[in-house]
Amino acid sequence: MLGAEALLRWECPRRGTLGPDRFIPWAEATGLIHPLGFGLLSRVARDCEAGLLEHLGQDSTVAINLSPVQFTEPDFIPRFAELLAQSRLPRERCKLEVTETAIADNPTAVTAGLNLLREFGFRIILDDFGTGYSSLTHLVQLPIDGIKIDRSFVAQAGYCDKNYAVIAAMLELAIELGLSVTAEGIETRAQLNLLAKHGCRSFQGFYFSRPTPFRKGRLLR
């Protein structure tokens, strides 16, 4: 296991478990994304104290998603770095993920913030790669360490020759640029084999595990 990603869910008494697409836009619009984001980091820190990294394995990483709205908070990055410094999660084992669409929403603030986070020693991952309007520009201009190929490409890889060709080109380009590559949305062995054939070595999806809580020192299956 190479690592884990911290995922937010809202346990609503009336509607049950809600995914981030149901409440993150509302949190961003109201400003609640700021305490929510720091709350997520605090939870990750507590899980690391409870043995998350040891459970995942040597050199494993924990990924945390960032919202473009968080970068508008003046003290976001110093507070983020301070909270992490007080935890058992080393910066080099913390991946910060930001989507292409998030960068497009606020390119100046997000790019400046990513540069500062990189200076602090964090690893930056471009999430949902291939869905934005300036993907190739992002590869050259942004301070990123890797990309995550969007699940929409992976889902059609075995059925559409054009998708297959695009994925192969993404992998070749990223590897040539020295970037790590993770394929999202792996649900079948065939998808895994197809991506591995073109040099992908990191995968994420239901084929391996569905989202699961970390309790009492282990991930519950």
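**View 1. Surface and overall dimensions of the chain.** The accessible surface of the chain comes to about 12100 Å², of which 53% belongs to carbon and sulfur atoms, with areas taken by the Shrake-Rupley method with a 1.4 Å probe. This is a predicted model, in which local features need pLDDT of at least 70 and side-chain atom pairs count only at pLDDT 80 or more, while totals for chains, interfaces and linings use all residues. Residues are numbered from 1 along each chain as its sequence is written, and side-chain values use heavy atoms, with hydrogens and water left out. The C-alpha trace spans about 45 × 40 × 40 Å along its principal axes, and 43% of the 221 residues are buried (under 20% relative accessible area; exposed is over 50%, and partly exposed lies in between).

**View 2. The open parallel sheet.** Seven strands, in the order S1-S4-S5-S6-S7-S8-S9, form an open sheet with parallel pairing, where strands are DSSP E runs of at least two residues and helices are H or I runs of at least four, and where two strands pair if DSSP finds at least two bridges between them. At the edges, strand S1 (3–5) and strand S9 (202–203) each pair on one side only.

**View 3. Strands S7 and S8 with helix H9.** Four bridges join strand S7 (residues 146–149) to strand S8 (residues 180–183) in the parallel sense. Helix H9 (residues 161–176) packs on the sheet and touches strand S6 (123–129), S7 and S8, its direction making about 170° with that of S7; contact means heavy atoms within 4.5 Å, and angles run from 0 to 180 degrees between N-to-C directions of lines fitted to C-alpha atoms, for helices over the stretch in contact.

**View 4. The pair Phe80 and Phe122.** The structure holds seven aromatic pairs, counted for rings of Phe, Tyr and Trp (its six-membered ring) with centres within 6.5 Å, and called stacked when the planes are under 30 degrees apart, edge-to-face when over 60 and tilted for the rest. Phe80 and Phe122 are edge-to-face, at 5.5 Å centre to centre and 70° between the planes. Because Phe80 lies in helix H4 (residues 76–85) and Phe122 in the loop between helix H6 (107–119) and S6, the pair ties together parts that are 42 residues apart in sequence.

Definitions and conventions
Buried < 20%, exposed > 50% of the residue type's maximum accessible area, 1.4 Å probe, protein only.
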